[in-house]
Amino acid sequence: MSFKTKFFKISNPITKNFSFGRFSNLLPFGNQILVYHLVSDAYLKHAKHLFPYRSVKQFEHDLDFLSKHFEFINWETFLKQKTEKVTTKKPTILLTFDDGYAEFYDIIYPILKRKGIYAVNFINPKFIDNKELMWRNKASLLVSEITGNETLQSKISQLPDFGNDLKINLDSILKIKYKNRGQLDLIADLLEINFDIYLKNKPVYLTTEQLLKLKNDGFGISSHGWDHPLYNQLSLEDQLANTQRSLDYMRENEFLNDSFAFPFTDHLVENQFFDSIFKRNTDLKFTFGAAGLKLDSNPKNLQRIPIEIGNYSAEEILKNEILYYQFLKKFNKNRIIRS
Ligand SMILES: [Zn+2]
């Protein structure tokens, strides 16, 4: 359990008893950037083991709370706020969604449209049009299929690279790294689980047609890396290549090429990466991490607040984020320092 998770566990029973108004004065920034993945009432085998996504009811509840205390802004206003220091009555929120899941079009888009709220989608071009299942979705799907299936459980206990303890086996599938992602295909073959059939039965990601519709309706489509690697496990050269390929896709398709959100985390990504990527892409204005309320030693790298944590509502997350930021600030730890 991370220190922040422990902090939330202790602070939440306390912050719960106070109205948000007691915390809003302690907000360190005028603009907050929130990140979700998807919203669904269904059991999504490919996502269930990766992050706790919201039900439609929970998501609407989040939006109702946020609308009361914040002003939602679009990408254009966001850029203006950053460069011209525009002041607003309420603090502002830029809503973002990562990975380009199909639920954005089917479920989230109609809700946002009804409420007049805008969002940016950070997508991985490799998986658009459901050409392939992303490696982390493969891991989640495998674990979902194996859980509760005795035949598969006994099969997997006989696999050479995975020990005999089932729990360890399921855990180790979720721990397979990007560079070893081929192992996921190997396991699927051995268990006769077909990723392509899964994708064909129900689309997991957005299609090009949907992206164009969203763009034409004012929603942002931007870059999340080519195929969702964990950046601190890549060489600098591979970090740059993966990012560049996704930025080139955005340029070619006339989506947003002025922004990029790191897949997973920007943890341990060094200044050299930022220097090179901003130098090569003069249109690029901001990159985004997901470390919560925090400053970054690179002023063009902005941290977003991940909302899908445990069972916390957006209100609970924000209260605890604010308290955590003020706590870190006391120890001068509220800024990410990069080498
Ligand atoms: Zn992602």
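How are the donor residues of the zinc ion spaced in sequence? The pattern is D-x124-H-x3-H. Keep in mind that this is a predicted model.

Asp 99 (OD), His 224 (NE2) and His 228 (NE2) are the protein donors, and they lie 2.0 to 2.1 Å from the zinc ion. Asp 99 sits in the loop between β3 (92-98) and α5 (103-115), while His 228 sits in the loop between β5 (220-223) and α12 (236-252), so this pair links parts of the chain that are 129 residues apart. Asp 99 is buried, with a relative accessible area of 6%, and His 228 is buried too, at 4%.

Now for the charged pairs. The structure holds 19 salt bridges, including these:

| Salt bridge | N to O distance |
|---|---|
| Glu 316 and Lys 16 | 4.0 Å |
| Arg 304 and Asp 98 | 2.8 Å |
| Lys 155 and Glu 192 | 3.6 Å |

Arg 304 is in the loop between β9 (301-303) and β10 (305-306) and Asp 98 is in strand β3, so their bridge ties together parts 206 residues apart in sequence. Arg 304 is buried, at 0% relative accessible area, and Asp 98 counts as buried at 5%.

What about the greasy inside? The largest nonpolar core has 47 residues, and Phe 59, Leu 66, Leu 95, Phe 97, Phe 104 and Leu 112 touch the most other members. Helix α14 (residues 314-330) gives the largest share of this core, seven residues. Apart from it lies another core of 33 residues, with Leu 44 and Phe 195 among them.

Conventions
Residues are numbered from 1 along each chain as its sequence is written. This is a predicted model: local features need pLDDT of at least 70, side-chain atom pairs count only at pLDDT 80 or more; totals for chains, interfaces and linings use all residues. Side-chain values use heavy atoms; hydrogens and water are left out. A nonpolar core is a set of buried Ala, Val, Leu, Ile, Met, Phe, Trp, Tyr and Cys residues joined through side-chain atoms within 4.5 Å. Buried means under 20% relative accessible area, exposed over 50%, partly exposed in between (1.4 Å probe, protein chains only). Helices (H or I, at least four residues) and strands (E, at least two) are DSSP runs, numbered from the N terminus. Donors are N, O and S atoms within 2.8 Å of the metal (3.2 Å for Na, K and Ca); water is not among the atoms, so sites may look incomplete. A salt bridge is a side-chain nitrogen of Lys or Arg within 4 Å of a carboxyl oxygen of Asp or Glu.
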